[in-house]
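Trainee: I have a model open and some labels to check. Can we test each one against its cut-off?

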Amino acid sequence: MKRSSKNWIAAVLLVLASPVAYSLDAEDEQLRRAVSLMQNEQWQLAYAVFSEVDEAEQAAGVSEGDYGKLLFSMGLCQMELAKAEGAEQRDGFYQKALEDFRRCRGFIGAPDDQNPYIRRSLLRLGMCYQALEQFDAAYAAYSAFLVERNQITDMYDHGSLLLNLATCCLRQTPPADAK
């Protein structure tokens, strides 16, 4: 991937990541600390705190909505770490982010305890797949986000999403019968 397109993807990721850190419900001191670390762009430390909370909450059986927020935030930290690290570690961070966003998608929740990040994680999955140059999977995730998104509450940059969708469409693996 060209350097200018890497910088563009990094800029889009940063713009779209910022609001989520503020909306995390931080009742617990550790979560407040992790959100503060995210706001100060200390991604590795924030991820470490989120991981500690993740282990404790898995054992405690926390509500699915809150757990979805936690997993989504962990994925955001991994995406930011991928941007900051060298090429040899970049793919590993994006793979970890993919795991976190997939886990977030698994926590739908009951009607009174919805995971508000279940749809937004599709958008982030698309970004991770695109950064890993898995354009077929990125296109599928972006397309699914457009279908599933809540038009009122799911805030995102429409232009960037459509540009990413078009880029993935052009770079997808051609069908076997195409010449």
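Trainee: Which residues is Thr-153 in contact with, leaving aside its neighbours within four places in sequence?

Mentor: Arg-119 and Arg-120. This is a predicted model. Contact needs heavy atoms within 4.5 Å. The C-alpha atoms of Thr-153 and Arg-120 are separated by 10.0 Å. Along the chain, these two are 33 residues apart.

Trainee: Why is Thr-153 called partly exposed?

Mentor: Its relative accessible area is 40%. Buried means under 20%, exposed means over 50%. Thr-153 has 40%, so Thr-153 is partly exposed. Thr-153 lies in the loop between α7 and α8.

Trainee: What describes the packing of α7 and α8?

Mentor: An angle of about 140° and axes 8 Å apart. The crossing is left-handed.

Trainee: Which residues in α7 and α8 meet?

Mentor: From α7, they include Phe-135, Tyr-139 and Tyr-142. From α8, Leu-161, Leu-165 and Cys-168 are among them.

Trainee: What makes up this contact by class?

Mentor: 10 nonpolar, 2 polar and 1 charged residues. Arg counts as charged, and Arg-171 in α8 is one of the residues that meet α7.

Trainee: Which members of the largest nonpolar core touch the most other members?

Mentor: Phe-50, Phe-101 and Tyr-142, out of 44 residues. Core members are buried, so each has under 20% relative accessible area. Helix α4 supplies the largest share, 10 residues.

Trainee: What is Phe-101 in contact with, beyond its neighbours within four places in sequence?

Mentor: Its partners include Phe-72, Leu-76, Met-79, Leu-125 and Cys-128. Ser-121 and Arg-124 are also among them.

Definitions and conventions: Residues numbered from 1 in each chain as written. Predicted model: local features only at pLDDT ≥ 70, side-chain atom pairs only at ≥ 80, totals over all residues. Heavy atoms only, no water. Core = buried A, V, L, I, M, F, W, Y, C linked by side-chain atoms within 4.5 Å. Buried < 20%, exposed > 50% of the residue type's maximum accessible area, 1.4 Å probe, protein only. Helix = DSSP H or I, 4+ residues; strand = E, 2+ residues; numbered from the N terminus. Axes fitted to C-alpha atoms, helices over the stretch in contact; angles between N-to-C directions. Left-handed = near helix turned anticlockwise from the far one by under 90°.
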